[in-house]
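Please walk through the model shown here.

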Amino acid sequence: MVKRKRSSKNPQPKHKKSKKSQHDKRKRLDRRNPNRKKTTEAKVPLTGVMQKAASALSAVMDPRIAFRLGIVMAGMLLADGRRTASSWFVAAGVQDDWDCYYDCLKTVGRTTGSLAAVVLGLIVHKFFPGIGDRIVLGMDDSPTARYGRHVEGAGVHHNPTPGPADGKWMYGHNWVCLAWLAEHPAWGVIALPLRSMLYVRKVDVPKLKEKYAWEFRTKHELGVALMTWFMQMLRKLGVKAKVWLVVDGAYAARPFLLAVLALDITVVSRLRKDAKLRDLPPTPDPHRRGRHPIYGKQKISLAKRAAHPEGWQSITYNCRGVEVTRQYKAFQATSFLISGEIRVVILRFEDGGWAPYFCTDPTAEVRDILEAVAARWAIEEHFHDVKEVWGAGQQQVRNVWSNIGCWHLNGWMYALVELCCWDMDKTELVDRRLRSWDNTDRRPSHADRRRYFARQMLEKQFNAALPRGPSSPKFQNILQTLLDLAL
């Protein structure tokens, strides 16, 4: 092996610290600064329904720190570029007491249960007259990429969406998220995130256990904890509707299903194509002693049933806002997943492929099952928008409670924006007349709805500062032009 040629340049001297830095943050915070400027309100405060929502959330926090939550939320609406926590504070006009706002993020992370109950109350208050007899929820997990070994709770997780240059694994946080799936009359199903829990791998738990007494829990256990919290909060609000939970195939596991069924929740999910199913047991004989059989004697092969040309039926159902007609086979079977009877639906797609789904309620309608499966995709759209529009995972905070608080704030802001825009016409939210290349009939994106509230905040602030005189309309026209360019 050829030796590498030694460089003629002198090596760069290494910096050696002989003593600790004199700019120690802890010592600086211990000394009171009489000239320290405190931030009591946002530079551009929230307006209208967003302000009311922020007040409802602040009401369950400590009064000494609660006022800072509305300021952070205002900064989140106005921040641009990389959405770090510091960019929120800059947009909100936070001054010398910026360290108190990082403490506010930790407080949000520690009180997610109480704050999520407020968000649930706002959603129930919005839809309560028209909730009907069934509430549909969605649950899934999603990772956010992070960098650095000092980020608490971060680890190596499976990357569900690897790009051309990405690998199968990524370093960061993994969140198990619960969302309310609400159907908008014009925009289809929209996922409104309620609460999430951080999944930490067992190998990474000892680092957190020393500092926070953190305990390892699987994703299934976190999902059961989320559903237990939801059912408790729902009963406190006086809602007695049935609850359906739609999950992907990763949650179609016996420990998860049995625990959720004990909460009187109906689960809809995808089956494995090689799932072990049996037919129904014979009608129990009342004169026969002993326990009645749970499973039938005949095995059911999903692949053989899907390959058989006979028995297919057609159905038209709503799939992500579009009426589609597809073929299906539906039957009842018994499964070890729940030690009982389930409703199985085999759906055949236009390209000839097929997928099996099941519902733990054997009397459920096929249309309801298929529409619930299609509605689950809304939580994937929420994951996309909360990362692309709100910048979830970009906040650059290390503390585990700060990371939990930032993730929840991004999700709740997404839910509040969707909730506050629910009854608005698309012409109020976005004007595409100046974009001749764009489709004027296209529904407003989540970014358009977010910009609507930022525009309202800035417009109110500018109008309050404008002079009242004969030249006011000119200023108004200039203002509208600047807002169009800025947002």
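Ser339 lies in the loop between strand S10 (322-335) and strand S11 (340-348). Helices (H or I, at least four residues) and strands (E, at least two) are DSSP runs, numbered from the N terminus. The phi of Ser339 is near 55°, a positive value in a residue other than glycine. Ser339 counts as partly exposed, at 26% relative accessibility. The classes are buried under 20% relative accessible area, exposed over 50%, and partly exposed in between (1.4 Å probe, protein chains only).

A word on the model itself. This is a predicted model: local features need pLDDT of at least 70, side-chain atom pairs count only at pLDDT 80 or more, and totals for chains, interfaces and linings use all residues. Residues are numbered from 1 along each chain as its sequence is written, and side-chain values use heavy atoms, with hydrogens and water left out.

Ala213 also has a positive phi, about 55°, although it is not a glycine. Its place is the loop between helix H7 (205-212) and helix H8 (219-236). Ala213 counts as exposed, with 58% relative accessibility.

Thr440 sits in the loop between helix H14 (426-429) and helix H15 (446-465). Leaving out residues up to four places away in sequence, Thr440 touches Lys426 and Arg432; contact means heavy atoms within 4.5 Å. Lys426 is 14 residues from Thr440 in sequence, and their C-alpha atoms are 9.8 Å apart.

Now the helices. Two packed helices are described by the angle between their axes and the distance between the axes. Axes are lines fitted to C-alpha atoms, for helices over the stretch in contact, and angles run from 0 to 180 degrees between N-to-C directions.

Take helix H5 (residues 98-110) and helix H13 (residues 400-420). Their axes come within 7 Å and cross at roughly 80°. That makes H5 roughly perpendicular to H13. The cut-offs are under 35 degrees for roughly parallel, over 145 for roughly antiparallel and 65 to 115 for roughly perpendicular, with the rest oblique. On the H5 side, the contact includes Tyr102, Leu105 and Val108; on the H13 side, it includes Trp401, Ile404 and Trp412. By class, this contact of H5 with H13 has eight nonpolar, three polar and two charged residues. Ala, Val, Leu, Ile, Met, Phe, Trp, Tyr, Cys and Pro count as nonpolar, Asp, Glu, Lys and Arg as charged, and the others, Gly among them, as polar.

H13 also meets helix H3 (residues 63-78). The axes of H3 and H13 come within 11 Å and cross at roughly 75°. H3 and H13 are therefore roughly perpendicular to each other. Leu69, Val72, Met73, Met76 and Leu77 of H3 make the contact with Leu409, Asn410, Met413, Leu416 and Val417 of H13. The residues of this contact of H3 with H13 divide into nine nonpolar, one polar and no charged.

Next, the rings. Rings of Phe, Tyr and Trp (its six-membered ring) pair if their centres lie within 6.5 Å; planes under 30 degrees apart count as stacked, over 60 as edge-to-face and the rest as tilted. The count comes to eleven aromatic pairs. The rings of Trp175 and Trp407 have centres 5.2 Å apart and planes at 0°, so the pair is stacked. Trp175 lies in strand S3 (residues 169-184) and Trp407 in helix H13, so the pair ties together parts that are 232 residues apart in sequence. Both Trp175 and Trp407 are buried. Elsewhere, Phe89, Trp98, Tyr101 and Tyr102 form one aromatic cluster.
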